[in-house]
Amino acid sequence: WRPCGTGLDCSTLDVPYDYFHPEVGTFHLKVTRHKASVPAKRLGAMLTNPGGPGFGGLYLAENATSIYSQSILEHFDVVGNDLTNSVVLDAGGKVIR
């Protein structure tokens, strides 16, 4: 993690395209974290998913204070991710990139 804004940390994860076939390779997944506001009450991390298709979910962490309740913000790190352009499949479901 590295600081990337007020109260935010950013990172990149190397994620396999296919856990059952790791030889296919990996892609880089961007993630942003809004840390729990009360560290002593922190229960863990909440990984968010904006649904889709067509847009990433980094904004869910970047705007956590206007999206989630005070209780969520006190107890959980809110982690957003950007799946856009992460995996491309052909018509048969094979990974292209």
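A: One definition to begin with: buried means under 20% relative accessible area, exposed over 50%, and partly exposed in between (1.4 Å probe, protein chains only). This is a predicted model, where local features need pLDDT of at least 70, side-chain atom pairs count only at pLDDT 80 or more, and totals for chains, interfaces and linings use all residues. Residues are numbered from 1 along each chain as its sequence is written, and side-chain values use heavy atoms, with hydrogens and water left out.

Q: OK. In what order do the strands of the sheet come?
A: The order is β1-β2-β3-β5-β4, in an open sheet of five strands with mixed pairing. Strands (E, at least two residues) and helices (H or I, at least four) are DSSP runs, numbered from the N terminus, and two strands pair if DSSP finds at least two bridges between them.

Q: Which are the edge strands?
A: β1 (2-5) and β4 (44-47), each of which pairs on one side only.

Q: How many bridges join β4 to β5?
A: Four, and the two strands run parallel; β5 covers residues 76-82. M46 has V78 in β5 as its bridge partner.

Q: Switching topic: how many salt bridges are there?
A: A search of the whole structure finds four. A salt bridge here is a side-chain nitrogen of Lys or Arg within 4 Å of a carboxyl oxygen of Asp or Glu.

Q: What does D77 pair with?
A: D77 forms a salt bridge with R42, with the closest N and O atoms 2.9 Å apart. D77 is in strand β5 and R42 in the loop between β3 and β4, 35 residues apart.

Q: Is R42 buried, exposed or partly exposed?
A: R42 counts as partly exposed because its relative accessibility is 41%. D77 has 6%, so D77 counts as buried.

Q: And what about K41?
A: K41 forms a salt bridge with E74, the closest N and O atoms being 3.6 Å apart. K41 lies in the loop between β3 and β4 and E74 in helix α3 (residues 70-75), so this pair ties together parts that are 33 residues apart in sequence.
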